[in-house]
Amino acid sequence: MNDALIKSLLVLADVVEARDPYTGGHIWRVSQFSKLLAVKLGLPEKEAVRISLGGYLHDLGKIGIPDHILRKKGKLTDEEYAIVKTHPLIGEKVISAHPLAKMVIRPMLEHHERLDGKGYPNGLHAEEIDQASQIVATADVLDALTSARPYRREMPLERAFQILDEGRGTHFT
């Protein structure tokens with residue numbers, strides 16, 4: 001694999017971090033959590049690294065979300081949330097021409113899909129969602145729950161794990 005191509009993928013994620021520091025820290029943590037989960041599941045190192053890269057790029061599409069929504073301090077309106085929900089499709093569009101897009105595009109596109117089909121952007125069901133996407137989705141939720149947000153405090157790790165367990169079978173595997 002070409003190191004320059006990998007670096008070009010990482011630079012794309014760095015653009016998101018430069019625009020929104022919270023998202024930047026978030027994507028790094030999701031990347032690390034994703035790799036840890038992949039290793040814990042017994043996946044080969046090469047696959048764990050690929051999943052980690054997908055975790056690092058999963059929110060790339062947020063570069064297309066307006067600042068007033070992305071940085072809003074309070075709860076989003078339904079209309080604002082509908083705009084946020086477009087970020088996986090924006091990410092797919094941004095990355096699709098990259099020579100290594102195939103490595104990371106599914107976690108980018110599917111990290112908000114749910115096993116029960118109630119996710120977005122495509123309402124996929126369990127068997128349709130890539131394993132890497134499911135790992136990144138779990139890491140994404142774990143980080144979101146345990147990180148402070150403008151509208152709420154971070155949650156203790158034990159409570160976050162409880163929520164993940166409660167979502168088993170509907171949201172997570």
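**Notes on the predicted model**

1. Searching the whole structure turns up one aromatic pair. The partners are tyrosine 81 and tyrosine 120, whose ring centres are 6.3 Å apart; their planes meet at 85 degrees, so the pair is edge-to-face. Please keep in mind throughout that this is a predicted model.

2. Where do the two tyrosines of this pair sit? Tyrosine 81 belongs to helix α5 and tyrosine 120 to the loop between α7 and α8, so the pair ties together parts that are 39 residues apart in sequence. Their surroundings can be compared through accessibility. Tyrosine 81 has 39% relative accessibility and counts as partly exposed, whereas tyrosine 120 is buried, at 11%.

3. Valine 84 counts as buried because its relative accessibility is 15%, and buried means under 20%. Beyond its neighbours within four places in sequence, valine 84 is in contact with Ile65, Ile69 and Leu76. Valine 84 and leucine 37 are 47 residues apart in sequence, with 26 Å between their C-alpha atoms.

4. Now to the packing. Nonpolar side chains tend to be buried together in soluble globular proteins. Here the largest nonpolar core has 16 residues, and the members that touch the most others are Leu9, Leu53, Leu57, Ile95, Met103, Val104 and Met108. Two or more residues come from each of α1 (3-19), α3 and α7 (101-110). Helix α7 supplies the largest share, five residues. There is also a second, separate core of nine residues, with Val30, Ile51, Ile135 and Ala139 among them.

5. How much of α7 is buried? Eight of its ten residues are, so the helix is mostly covered by the under 20% criterion. The buried residues are Ala101, Met103, Val104, Ile105, Pro107, Met108, Leu109 and Glu110. The elements covering them include α1, α3, α6 (87-95) and α8. For one of these residues in detail, take methionine 108: outside four places in sequence, methionine 108 is in contact with Leu57, His58, Leu60, Pro88, Gly91, Glu92 and Ile95.

6. Leucine 60, one of those partners of methionine 108, lies in the loop between α3 and α4. With a relative accessibility of 2%, leucine 60 counts as buried. Leaving out neighbours within four places in sequence, its contacts are Leu12, Ala13, Val16, Gly91, Val94, Ile95 and Met108. Leucine 60 and leucine 109 are 49 residues apart in sequence, while their C-alpha atoms are 10.0 Å apart in space.

7. The loop between α3 (45-57) and α4 (67-70) also holds lysine 62. Is this lysine 62 buried or exposed? Lysine 62 counts as buried, at 16% relative accessibility. Residues up to four places away in sequence aside, lysine 62 touches Arg19, Thr23, Leu70 and His87.

8. On to empty space, which is shown by rolling a probe the size of a water molecule over the atoms. The count comes to one cavity of 30 Å³ or more, and the largest cavity holds about 40 Å³. Its lining is made up of Glu110, Glu113, Arg114, Leu115, Ile129, Ser133, Gln134, Ala137, Thr138, His171 and Phe172. By class, that lining has four nonpolar, four polar and three charged residues. Helix α8 (residues 131-146) contributes the most to the lining, with four residues.

9. The second largest pocket has a volume of about 470 Å³. Of the 16 residues that line this pocket, Leu37, Thr138, Leu164, Arg168 and Thr173 lie nearest its centre. Two or more lining residues come from each of α2 (21-40), α8 and α9 (157-166). Which element gives the most to the lining of the second largest pocket? Helix α8 does, with five residues. The lining divides into nine nonpolar, four polar and three charged residues.

How values were computed. Residues numbered from 1 in each chain as written. Predicted model: local features only at pLDDT ≥ 70, side-chain atom pairs only at ≥ 80, totals over all residues. Heavy atoms only, no water. Buried < 20%, exposed > 50% of the residue type's maximum accessible area, 1.4 Å probe, protein only. Contact = heavy atoms within 4.5 Å. Core = buried A, V, L, I, M, F, W, Y, C linked by side-chain atoms within 4.5 Å. 1 Å grid on protein atoms, 1.4 Å probe; cavity = no way out; pocket = protein on both sides within 12 Å on 5 of 7 lines; lining within 4 Å. Points joined across faces, edges and corners; volume = space filled by probe spheres on them. Nonpolar A, V, L, I, M, F, W, Y, C, P; charged D, E, K, R; others polar. Phe/Tyr/Trp six-rings, centres within 6.5 Å; stacked < 30°, edge-to-face > 60°.
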